[in-house]
Amino acid sequence: MTDRAAPVIGTRPVRHDGVDKVTGRASYGADLAMPDMLHGAVLRSPHAHARILSIDTRAAEAMPGVKAVITAADIPECFATVAMGELPMDMHDGSDNVIARTKVLYHGHVVAAVAATTVDAASEAARRIEVVYDKLKPVLGIDEAIAPDAPILHAGLTAGDWAGQAAGRPTNVASRMELKRGDLAQGFAAADTIVEHEFRTTMVHQGYIEPHACLARYGQDGRVSVWTSTQGPFLVRDQCAAILDIDAAKIKVTPSEIGGGFGGKIVVYLEPLAIALSRKANRPVKMVMSRDEVFRASGPTSGTVIRMKMGATRDGTLVAASASLWYEAGAYRGSPAGAGAMCCLASYKIPNFLIEAYDVVVNKPKVAAYRAPGSPMSTFATESLVDELARTLGMDPIELRLKNAVAEGDKAPYGPAYGPIGLQDVLRAAQRHPHWKAPLGKNQGRGVACGFWFNGGMGSSASVTLGADGSAAVVTGNPDIGGTRVAQAMMVAEELGIPVERVRASVADTDTAGYTDLTGGSRVCYATGMAVIRAARDVRDQLRGRAAKIWDVPIDAVGWDAGRAVPPNGRGDREALTVADLAAQLPKTGGPIVGHAALYAPAAGPGFAAHICDLEVDPETGGSRVVRYTAFQDVGRAVHAGYVEGQMQGGVAQGVGWALNEEYIYADDGVMQNAGFLDYRMPVASDLPMIETVMIEVANPLHPYGVRGVGEVPIVPPLAAVANAMRDATGVRFTELPLSPPRVLNGLEKSSA
Amino acid sequence: MAKVYLPADLSRHTGGVEILEIDAPRVRELQQALAARFPALAGEIERFAVAVDGEIYSDAPYHVLTSESEVYFIPRIAGG
Amino acid sequence: MPIRYEAPESVAQAIGLMQADPSARIIAGGTDLLVRFRAGQERPSAFIDVKRIPELVRITVDDGGLHLGAAASAADICEHADVRRWWPGLVEAVHLIGSTQIQGRATVGGNLCNGSPAADATCALIVNQARCVIAGPGGERTIPVEEFCTGPGRTALARGEVLVEVRMPRPAPRTADAYLRLIPRTEMDIAVAGAAVSVTLDEAGTCTAARVAIGAVAPTALDVPDAAGALVGTTIDEAALERAAAAARAAARPIDDKRGPAAYRRTVVGVLTRRAAHIAATRARGL
Amino acid sequence: MSRLHIETTINGEPVEFLCEAQDSLLAALRDQAGLTGTKEGCTTGDCGACSVLLDGRLVPSCLVLAAEVQGRRVTTIEGIATGDRLHPLQQRFLEHAALQCGICTPGFIVAAKALLDANPHPTEEEARYWLAGNLCRCTGYDKIIRAVMAVAND
């Protein structure tokens, strides 16, 4: 093997953690076990909205094998906030969501937890806990929540001074935000065509295949160890510290391999309970959610009601838009309505707009982040209306989008001007692609839609250790959900000029890794990647120092080229030294070399995508399926092309599921009717065609290689791409998701009546 | 003088002023100057992320500003 | 009391176990029973595993027709060359029971005993004149399959009785069947509506006998003689197909639930009946 | 409480374990036999993460009682490779980047092996329908199907 590797970035090496994953050896959240371990189970509320009058745990405590029972009384009331990504999270709500104190706010809300010697004993004990409730009427949707006589979820939540709400009155509308530009009335007055609809989407779930799972040990020295499947081990630490009022320095969180997250494994659910149970029982406690619990009581994303209006002049120039976005937050405030507002017009230059976004509490699980949180729903509205405008004006829908598409220097709806972005390149690539002009079969239709996501930055750390054999090990604190370790190893290989197989990448616990924000926001390859590159360059500079020592020249005289320290000009008597050469001499030249970097990456490098979807509809049953799909995206710079394509394909599949069949179905009493994979219908292999990907690379100037986030953008366009294809196939504009067969047939019947 | 842009949710506290110029060495001093001029912004403005010349930070009080800087206050967002 | 596991090796043993303990439940594939058990909806005192009883896992085709052991797996049924040859509609229906993994476990006997109105196999069994062979403390009895399920989750089995096998006569010449169902996805779902049709043609192509059964649109799978009657005496042309579809819609008594609204189910069961009849007729014409 | 004593063969090795009547094969594999490569995604037979072969037949181990495997042969993901030589499916999954989070991967590989054992040269459509009982939420199935088809076409 030569010590000099070819350029690594852009290639497709086998991931380093791959063999363990294809052979079943990789250890996920539920795969961990400890000697003397207990099993935890929780008692969940059978009501969607009720006051807790009393809890009697005596029967449960008396059962053989039961070692601890806890209720909210075992946990101090919490008034802290924790920085969750960019959003400070109110841990009073967070704590109450983990275990209800005075009121249950959704069916499945935790009321008590048990630790016992077996899973069955813990579950049986939980069933024997007696809770007396005062049942209240549940609020299950936006319309009910904002009705004048709506039951109120939180007595302390009072209305702000926005229109339609009497300030100071108890309300379910937690907040309102507004974005505006120009003069709306003037804008619409200038429009030749105006389209307007009300759009509705339902609550949907991330659908990660691995249920939440953790293992916690509260040591007699007060030190806490948590092993858990999470996107953010540091955030788990900080949330648990706040909820349990434990010094964060005493909590060590070790992330397991993670079986999917998509934003849903950031907030803690089980971890504080497992710690509290372990403290009480003085033994390690393992907790694993069932799939039913995951659906009922983790963090899906908002159902929405969106009223949007857009105007254009005859030549297709968008001149005005207004929108009012209503997002369900679930049981506690904090929906992604604001992000929905900022994203929905991000693709277009619109001189006049007004967007209002409302955050509404309802008796459903508290929403969590889900891949580009807030953007898919509001973009569904925008891209449906843009499609309508193209039809009304008789314009090609890509042409109309290109005419209005933002480019570098244009201002985003949330304020600042964009740097180099790829939306226009993406649209041109779509227009040129054979898919756009391919003939359609009977009952088939084609839809196109764009999508935007900010992409995150935030804090990251990395260290790179050089081995005496010239290999390298890189350590970060980001759980690897989709191939980030191999990407990090590639960056180190690229910087040091060694083969990627000679770099090991690992994810460390919170005591070992430098502070690193979550795996989310499409930030790992970008922000943590930047830290990895800097740490590798630190190693490289130290290696130059060692070469300088060997050659007895000043360090500045030592160059670096293609993985080798190069001697100063005119010193032909000295041979360039490879990484391996230098590594072999570490003990003689000053000892080990470790490179470090810690940084805060600004959020920038927004991602844009355009998707083309072909749908075939059975007009007699309303059934439909995607028959062809092509996703175009500005990916900045693809580090590992295979995993970038995979992000795009996965986002498309999730978005298609959201568009066609996924939905939370509630009965009037607030009980979810389809809390399982049988009736929560995520796409299966036979539902989808191959998903073609076209990567466009417009370098992000903030990253040394031009990387920009890629993971979230691809879930944004599919909702409208599918709905627009449905419109094309059937002639009917559907404004409510999902486009399940009954809804489609109903729409077809209505339109022909 | 840095050019400062306030979103609608902040300009509600400034009597409708959306764009203004402020001389401040860093983001923190700029926030202080804004709060001094519009007392209702105190406690509100810190809840916003800040974009300086297109780069968005959730919290960057010591970020240095130049006379050319464009500063936007924007709502914070969470990624999945 | 801990739950017991028993694996009888003869029908007599199974009957004895079931008679002795009315809270015991027979487990064949377990694909419904274990799901309900894990959800806390069912708490049997014992699992009586009948898959070690030879008669219950046997599949034989002879001159008398098909003997289908109640606990034979869907995968075994679908791989059986003679079953595939003679009863393509039954194979279609059985093949639709769950995923490939579920196919490795699920059984026709379980599909019947589970008593689901949406069971895929039931309609196909009805149109093939299947009969259920039931063994019990009082000996063996045989009933038409359409009498086996008496309501959602309820069957004609009495205490101590075990469903041993399903028998189907060989199809008459120029007879063919078909089964179709509507699900939102392409796989994995429970039928929103289903329809099975069997037709017999004479040499001129006129339908001399027919049977139509519809599923997921009533408390049990329904035999729809009116729909069959609409086909008999015709060449199964468009008009006959439309009449059969209308008869199926008229017979349906669907409910609204998470899997579909009643009105939708009624509409779709007509579509499925028409399409299944068309496929069955096409198959029969090719024989 | 007397537990059931089960003797079976897992990945070619004789194995004995104790279980309760209601324990699933999945639980026995993970908790008794220490074979955690078989994953739990739902326990209702709807996700395929717990796929194993029982006497060569693909089954969801969550819906098999542990007691049922007395005297039978169980193959899990840990038994797919031969010594340190990966099965072609495992190799192709790696080469095609057919896994992201990897939690569904063991189930897919076991199910795909059953497919190729039964039908060495499936069409893409046959592969998709055969694998419809294995949910993947990360990949959109594209690269998984490509990996399986690559082995089928080898």
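## A glycine in a chain A loop

Gly605(A) sits in the loop between strand S25 (594-601) and strand S26 (607-617) of chain A. Helices (H or I, at least four residues) and strands (E, at least two) here are DSSP runs, numbered from the N terminus. A quick word on what you're looking at: this is a predicted model, where local features need pLDDT of at least 70 and side-chain atom pairs count only at pLDDT 80 or more, while totals for chains, interfaces and linings use all residues. Residues are numbered from 1 along each chain as its sequence is written, and chains are lettered from A and ligands numbered from 1 in the order in which they are written.

Back to Gly605(A): it has 29 C-beta neighbours inside 10 Å, so it counts as buried. The cut-offs are 20 or more other C-beta atoms within 10 Å for buried, 12 or fewer for exposed, and partly exposed in between, with C-beta atoms placed from the backbone. Leaving aside neighbours within four places in sequence, Gly605(A) is in contact with Asn455(A), Tyr526(A), Gly636(A), Asn700(A), Leu702(A), His703(A), Arg708(A) and Gly709(A). Contact means that the C-beta atoms of two residues, placed from the backbone, lie within 7 Å. His49(A) is 556 residues from Gly605(A) in sequence and 43 Å from it in space, C-alpha to C-alpha.

As background, most residues other than glycine have a negative phi, and most peptide bonds are trans. Asp245(A) is not a glycine, yet its phi is positive at about 55°. You'll find Asp245(A) in the loop between helix H7 (233-244) and strand S13 (251-255) of chain A. Arg371(A), also not a glycine, has a positive phi near 25°, and its spot is the loop between strand S17 (352-361) and helix H11 (375-393) of chain A.

Their surroundings are worth a look too. Asp245(A) has 13 C-beta neighbours inside 10 Å and so counts as partly exposed, whereas Arg371(A), with 29 inside 10 Å, counts as buried. As for peptide bonds, the one from Leu737(A) to Pro738(A) is cis, with omega near 0°. Pro738(A) belongs to the loop between helix H20 (718-730) and helix H21 (741-752) of chain A.

The largest nonpolar core has 449 residues, and the members touching the most others are Val722(A), Val199(C), Val212(C), Ile214(C) and Ala248(C). Helix H16 (residues 524-551) of chain A gives this core its largest share, 13 residues. Such a core is a set of buried Ala, Val, Leu, Ile, Met, Phe, Trp, Tyr and Cys residues joined through C-beta atoms within 7 Å. Not counting residues up to four places away in sequence, Val722(A) touches Gly447(A), Cys613(A), Leu615(A), Val656(A), Ala659(A), Leu660(A) and Leu739(A).

H16(A) also packs against helix H15 (residues 484-496) of chain A, at an angle of about 35° and with the axes 9 Å apart. Axes are lines fitted to C-alpha atoms, for helices over the stretch in contact, and angles run from 0 to 180 degrees between N-to-C directions. The residues in this contact divide into 10 nonpolar, three polar and three charged. For these classes, Ala, Val, Leu, Ile, Met, Phe, Trp, Tyr, Cys and Pro count as nonpolar, Asp, Glu, Lys and Arg as charged, and the others, Gly among them, as polar. Among the H15(A) residues involved are Met491(A) and Val492(A), while the H16(A) side includes Val532(A) and Ile533(A).

## Which chains meet

Four pairs of chains touch, and the pair with the most contacts is A and D. Chain B and chain C do not touch, with their nearest C-alpha atoms 27 Å apart. Chain B and chain D have no contact either, and their closest C-alpha atoms lie 14 Å apart.

Where chain C meets chain A, the contact takes 16 residues from chain C and 18 residues from chain A. On the chain C side, helix H12 (residues 262-285) gives the most, with four residues. By class, that side has eight nonpolar, three polar and five charged residues.

## Chain C on its own

Chain C has 12 helices and 14 strands, and its C-alpha trace spans about 60 × 45 × 35 Å along its principal axes. Of its 287 residues, 57% count as buried. In helix H9 (residues 120-127) of chain C, eight of the eight residues are buried, so this helix is largely enclosed by the rest of the structure. Just after H9(C), Gln129(C) takes a positive phi of about 55°.
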